[in-house]
Amino acid sequence: MNRSKNNISSSFSVSSSPRPPVSPSPSHRLEAKQLTLGYDSTTIVRNLNLGIPTGKTTVLVGANGCGKSTLLRGLAKLLKPKSGNVYLDGKDISKLKAKTVARKLGMLPQSPTAPEGLTVKDLVAMGRYPYQSWIQQWSKEDELKVAEALEITTMTELADRALDSLSGGQRQRAWIAMVLAQDTDILLLDEPTTFLDLSHQVELLDLLDELQETKQKTIVMILHDLNLSCRYADYLVAVQQGKVYATGTPEQVMTEETVRDVFNLECRIVSDPLANTPMCIPIGRKVTKRQED
Amino acid sequence: MTKQWLIIRPKVLPISFHLDRRVPLVLLILTLVTLLAMIISVGYGEYPISPLDVVKTLLGLPTANGDYAFIINTLRLPRTITAFLVGVGLAIAGTITQGITRNPLAAPSIIGVNAGATLAAVTLLILLPNTPVSLLPFAAFGGALIVSLLIYLLAWQGGSSPVRLILVGIGFSLIAGALTDIMITFGEINTVSQALVWLAGSVYGRSWSQVFSLIPWIIIFSAIALLLTRELNTLNLGDEVARGLGSQVEWQRGLLLLTAVALAGSSVATAGAVGFVGLMSPHLGRQLVGASHEGLLPVSAMLGGMLVVIADLLGRVLFAPLELPCGIITAAIGAPYFVYLLISQRK
């Protein structure tokens, strides 16, 4: 097996020591500088620098509790930084109006819940909130964007159904439709595939991939499945204990060393026979035991 | 796809709205039923007046009996109107409370309105038995406001959270309830019975002066509530999603809470603790027009008004000549409904 991909290119640092701040560049509409995030007295993300490539799909991976959700919340202005800043189009996001941010950046938290009896179209219509005012609550554009979002997610026929009467996959598509109706260039999604079976995971990721391609959206998401992450990501960000461990293409980041350091797991990296992206095969007790026998 | 929406978007004005298509018809029917119940209610009593004569008198047309005008306009009409306004206030407050706590079983009492109003009113009645009854509503409103604010402030921990709000609210309501019980236990028997009648929730003997002191509260804060329906919609999706949509969650929730306290507080101050209206109305409303608050809020308000008007009528008809306070009737309907909700929620 050719393992030349194992070498991380020089533009990305793998060491866990603090890296020099990322210089602002036009390809990063969203970036974090010296960002420290946490809740109350606990600090979760420390002095983190990260630029999100515009018009690409970036996937955050890391062990449970490593701070990737916190990082995503920080990027979405849901969490106020303890220090450092998040910049959206070069402006400090904490100084921007909530609605201004919401027109550029949409965020879908992990497993959101809708009130009982809410219909799909009611939910998707709420995606237009940042564009509405007391007197303008339903413009022609609102109507068009909602119809388009339902169309893209193939939810048009289910528009009048109550959310709680839908399957997990349909429900998740309804939430995605709401964020799409928000009509933002940047989408932040926290584990959009949780609770979905494999075929629905692939279906949803295909949908997001298509969106990214046809609408040049910038997508940042957290995924748990490393192999799907490698396949769908243009860029991977491996997060370890609140720090960026490595960034780069899946080939650059997904190495046996990364998986060992970030997930505390021994594994083999092979090439996906279909997509040629890296695949992580974990070495567990079952295998080591058999080798010893 | 917008089959179910009624879209109002005039070409000449820069305004646009959308409503569930069912809303206008439902509102019309509810208004007619409420008016009918009010006419029957005004006609009913020791001195019965036919519905036709009631309508004639209300419209200022001459009737066979000159006494009708006095009986209807001075004695009976203010009572029915008070019942309607109290119902509207409690129902909107209930809709808001369920929306911001994201809890379909919440009611205005959860934010301490009832407990605060009751404690203040009972304390006044028992500690200072000589105070005029007309001061009761003010004390009740003050009590409601203070307890609600205390709950909100104590639930604050770098931000308000619906769950903390509910827990602190329940705790405070119990404390206030215990203090009320102590007052009642140590109070003098005559004043205690007076307090108990007030506690049951009744619109008995309400006059125009009470209608006029309640009306501004209901009108102003209902209007504010209607303007905040979209905020209620987003908050109902949870804080994270609401923030992501650009809602200023804390500010909006505070404003909505204050609106609910003003509506429920003024209602409880006028008629005592008429229970379950704030819980039932939003539920019935959701079944009629769905969960989106643009349509739900007005429908729920009309339902609340209708419920209390009918409860007041039933209270007088059921065991005539004995009169039951409308609060007992709403509780008799509301308590089984609450149990039904609990059971259906488990599924």
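Analyst: Two strands pair if DSSP finds at least two bridges between them. Helices (H or I, at least four residues) and strands (E, at least two) are DSSP runs, numbered from the N terminus. As for provenance, this is a predicted model, in which local features need pLDDT of at least 70, side-chain atom pairs count only at pLDDT 80 or more, and totals for chains, interfaces and linings use all residues. Residues are numbered from 1 along each chain as its sequence is written, while chains are lettered from A and ligands numbered from 1 in the order in which they are written.

User: Which residue stands opposite A:Val59 in strand 9 of chain A?

Analyst: Strands of a sheet pair through backbone hydrogen bonds, either parallel or antiparallel. In this model, A:Leu236 of strand 9 is the residue opposite A:Val59. Strand 3 and strand 9 of chain A run parallel and are joined by five bridges. Strand 3 of chain A also runs parallel to strand 8 of chain A, with four bridges between them; there, A:Leu60 has A:Ile222 as its bridge partner.

User: What is the strand order of the open sheet in chain A?

Analyst: The order is 6-7-8-3-9-10, six strands with mixed pairing. Strand 6 and strand 10 (243-248) of chain A are the edge strands, each pairing on one side only. On average, neighbouring strands of this sheet are turned by 15 degrees against each other, direction ignored. In strand 10 of chain A, A:Lys243 stands opposite A:Gln240.

User: Is strand 3 of chain A buried or exposed?

Analyst: A residue is buried if 20 or more other C-beta atoms lie within 10 Å of its own, exposed if 12 or fewer, and partly exposed in between, with C-beta atoms placed from the backbone. Six of the six residues of strand 3 of chain A are buried, so this strand is largely enclosed by the rest of the structure. Both faces are covered: A:Thr57, A:Val59 and A:Val61 lie on one side, and A:Thr58, A:Leu60 and A:Gly62 on the other.

User: Which strands of chain A does helix 1 of chain A lie across?

Analyst: Axes are lines fitted to C-alpha atoms, for helices over the stretch in contact, and angles run from 0 to 180 degrees between N-to-C directions. Two residues are in contact if their C-beta atoms, placed from the backbone, lie within 7 Å. Helix 1 of chain A lies across strand 3 (57-62), strand 7 (186-190), strand 8 (218-222) and strand 9 of chain A, and runs at about 150 degrees to strand 8.

User: At what angle do helix 1 and helix 2 of chain B pack?

Analyst: Angles under 35 degrees count as roughly parallel, over 145 as roughly antiparallel, 65 to 115 as roughly perpendicular and the rest as oblique. Helix 1 (residues 23-43) and helix 2 (residues 51-58) of chain B pack at about 100 degrees, their axes 9 Å apart. These two helices of chain B are therefore roughly perpendicular to each other. B:Ile39, B:Ile40, B:Val42 and B:Gly43 of helix 1 of chain B make the contact with B:Pro51, B:Val54 and B:Val55 of helix 2 of chain B.

User: How many residues does each chain give to the contact between the chains?

Analyst: The size of an interface is often given as the accessible area lost when the parts come together. Here residues are counted instead: chain A gives 36 residues and chain B gives 31 residues. On the side of chain A that touches chain B, helix 2 of chain A supplies the largest share, four residues.
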